[in-house]
Amino acid sequence: MSENEKRVGVYVCHCGHNIAGTVDVEHVAEWAYNLPNVIISRDNKFMCASTGQEQIEEDVKEFNLTHVVVASCSPHMHEKTFRNAVERSGLNPYLFEMANIREHASWVHPDDQDGATSKAKALVSAAVHRVLHHEELTPMQVEIRPEVLIVGGGVAGIQAALEVAEAGHHVYLVEREPSIGGHMAQLDKTFPTLDCSACILTPKMFDAGSHPNITLLTYAEVEQVDGYVGNFTVRVRKKAKMVHEDLCTGCGTCWEKCPKKVIDTVFESGLGYRKAIYRPFPQAVPKYPVIDVETCIYYDTGKCRACEKFCPTDAIDFEMQDEIVNLEVGNIIVATGYDLFDPRRIPQYGYGRHENVFTSMEFERLVNAAGPSDGRVVLRDGETTPQSVAIIHCVGSRDKNYNGHCSAICCMYSLKFAHLVKERTEAEVYNFYIDMRTIAKGYEEFYDRVLEEGAHFIRGKVSEITDATHASEEEGKLVVVAEDTLIGKQRRVPVDMVILAVAMEPRADAEEVAHRFGIGCGDTGFFTERHPKLDPVATVTEGVYIAGACQGPKDIPDAVAQGSAAAARVLSVISQREVALEPVRATIDEEHCSGCRICNTMCPYHAIDFIEADSVSRVNPALCKGCGTCVAACPSQVISGAHFTFDQLIAEIDGIMVDVNIDEPLVAAEMV
Amino acid sequence: MNTQTFFDRVVEATPGGERLSRCLQCGSCGGSCPSGADMDHTPRGIFALLDGGFEEDVLSSNTPWYCVSCYACTTRCPQQIPITDIMYTLKQMAIHRGHYEHPHAAKFSEPFIGFVEQRGRSFEAGLATRYHLFHRPRDFFQPMQFFKMGMMGANMMRHNRLPLRPKTIRELDELQAILNEAKAIADQEVYA
């Protein structure tokens, strides 16, 4: 097609007031007629609406358009929408370019209408100049492997695994700890119905452990992820458990005989003990123990081996090594959960200094019938029943010094704690809160119930927890100091026990994990979904989904819903059998390739191989992500990235440099 | 003509004051304040009054005058509002308006800042003498009052907290330049 035969249509979107409130869209559309090869230029209230899309289809036919430019929002939002419209009109969808005049103009320059309008014109000009160099491209179809990797065996991961396995596809469920179950396995009751957490979780854990379509990889971590949607290669390190699972029966003789007692900081939150060879809790799945080599006497002194001596099936193997497993999967669901806030970071709350200040997870273990106090609400001495208990909300949440976000679950679990204290003791309960947030079904009713039970609610963020007494009734107590904001007075409430409702935080290694799976972390550090409302479990990487609290604070029902949602998304991809890959890829002009192999090592996706026979490098199109690293690196300049060619980029720069104040055709355009 | 609201003026006069609008009314400030029990409104209460436009109630409140600048509220505020600095702004505004309930607070501040201007630091023995001589001379003729003050003075002296000779900092002229600049800013109409 010669230059003169190219016919461009330009569509400038108002996006309601989002763009038109700042940018003079009519003027931009009018001005676009000055740009080369523009045949038709229109403005439209909502280009993404069906009328906007149909306008493109009609115009392509009526004016024989060959290229289309839409100036609207971010391509992230609607590039696919408009490519589909262009394709329906009979053109190749890649003969289209989008100018972002919302995020890049109207939203960032709300106070400068003239400037924003000029910038919009420059962006439209850049898109028009660029689109003239676009070429027809065809997506590559690749087959999708039906196997699914799920990372994290908490309730979200278990739910997703069961849904996928039930649909008949194989699941690899990778869990860092020796057992699946996650935080939910530590809890006693669940709000607002108060059903026993273990009673509802253990059947699911058991199902996940025994399902023929689920391979559990516990005590294991994902080390590397390569490939693309449909064909990921995942390297998993299975840490040495020192116990052969095929021989072990889970009889428990080993941990009974183990002489080394260790404070259990994980499952029992530091309130209980385990042995150096241990199973985290009785309902653990799998039921087999692991040896903690950090604390085992044998690894320290070379002596002991009591577990080995007493094991009836010879399952103990002190020489066992970590094992690397390579998995081939088509889709990945990341459900790595959350960490709890360490309240030592707020010194005025005295956690770690005052022994009867507890974290919420410590209290969960205390009230758990299988916990260290057999479910009795007692002080740290293990005997005394408190006469008064304070529950402090928002510890590390809604506080810009720590975490700005609301942790979503603390109001409800604090109400649950208030109820459990009332149920098991005669104690007075004081809830110190900023705002009560009881937003889901049955939650407000539960709040009502706890109010009726006589718990006190004091509206004020606690200033400090101190043992410095001012009055005789404070002797031997912890004094909770706060302003009761509803009466405008300072209050000092002496109590025996304080429970800190600590925040949900992103995992300490969330950023590293995000990088490994090619997903992003937002401001708060939780993984970023593709769209906060309409695509909550997908990520920017095709084939990688997120579920549960790794995406943001959420309670059990929401985590389960996301687990199911992610599974549904994966199943729909699997049922398509193949997926179209973006044709945005690098190609090497082999005739001019010098075979220097610089690109081979630069490629972050290991997509370039050196072909010994021909002494040239070649790109594996299925692995290439079109990042452009090799294009920039090639000393002979013989690699080009489809859809990001030199011509296209230079034209785009030429376009953005035009003088937007000149109101005459920049290049003779054929007017209708 | 000034179309700004009282709230806006307080915000503008305080570095970081724009954060005031994000107050959650959580009360960490009121709970943390060592003088909170003596205030007629806690800082949080003052911010609610500010938001509601109750200018007279704010400027006649004793709250800013009981602020001891310990900054406990500011360090603990979950919204990082410069609470102590806002108290200073309110004090300034109250003085400019001649509108404050506790004249002694201002009268105490004057000799205090006088010493800081002359010597670069406070001089407690001189401050106590000057304040009582000029503003509360009758205290000297009330035996109980005089005795109590004497005891406290002796106690402080025993702990090396009440030196009898004033000290002067190095490079006082630089501090004075800073103070003069601050005064020039304070004299701008924002406090008027």
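Two residues are taken to be in contact if their C-beta atoms, placed from the backbone, lie within 7 Å. The model examined here is predicted.

**Exercise 1.** Determine what share of the contacts in chain B between residues at least 6 apart in sequence join residues at least 24 apart.

Solution. Begin with the secondary structure: chain B contains eleven helices and zero strands. Its pattern along the sequence is accordingly written α-α-α-α-α-α-α-α-α-α-α. Next, apply the contact criterion to pairs at least 6 apart in sequence; of these contacts in chain B, 61% join residues at least 24 apart.

**Exercise 2.** State the extent of the C-alpha trace of chain B along its principal axes, and the percentage of its residues that are buried.

Solution. The C-alpha trace of chain B spans about 50 × 40 × 30 Å along those axes. Of the 192 residues in chain B, 24% are buried.

**Exercise 3.** Describe the contact of domain 2 of chain A with domain 3 of chain A.

Solution. First, locate the parts: in the domain assignment of chain A, domain 2 comprises 148–239 + 325–337 + 509–575, and domain 3 comprises 253–321. Their centres, taken over C-alpha atoms, are 28 Å apart. Third, assign the domain 2 side to elements: helix 8 (197–210) and strand 10 (214–218) of chain A each supply at least two residues. Helix 8 of chain A gives the most, with six residues. Finally, classify that side of domain 2 of chain A: nine residues are nonpolar, five polar and one charged.

How values were computed
Residues numbered from 1 in each chain as written. Chains lettered and ligands numbered in written order. Predicted model: local features only at pLDDT ≥ 70, side-chain atom pairs only at ≥ 80, totals over all residues. Domains from an automatic or database assignment. Helix = DSSP H or I, 4+ residues; strand = E, 2+ residues; numbered from the N terminus. Nonpolar A, V, L, I, M, F, W, Y, C, P; charged D, E, K, R; others polar. Buried ≥ 20, exposed ≤ 12 C-beta atoms within 10 Å, placed from the backbone.
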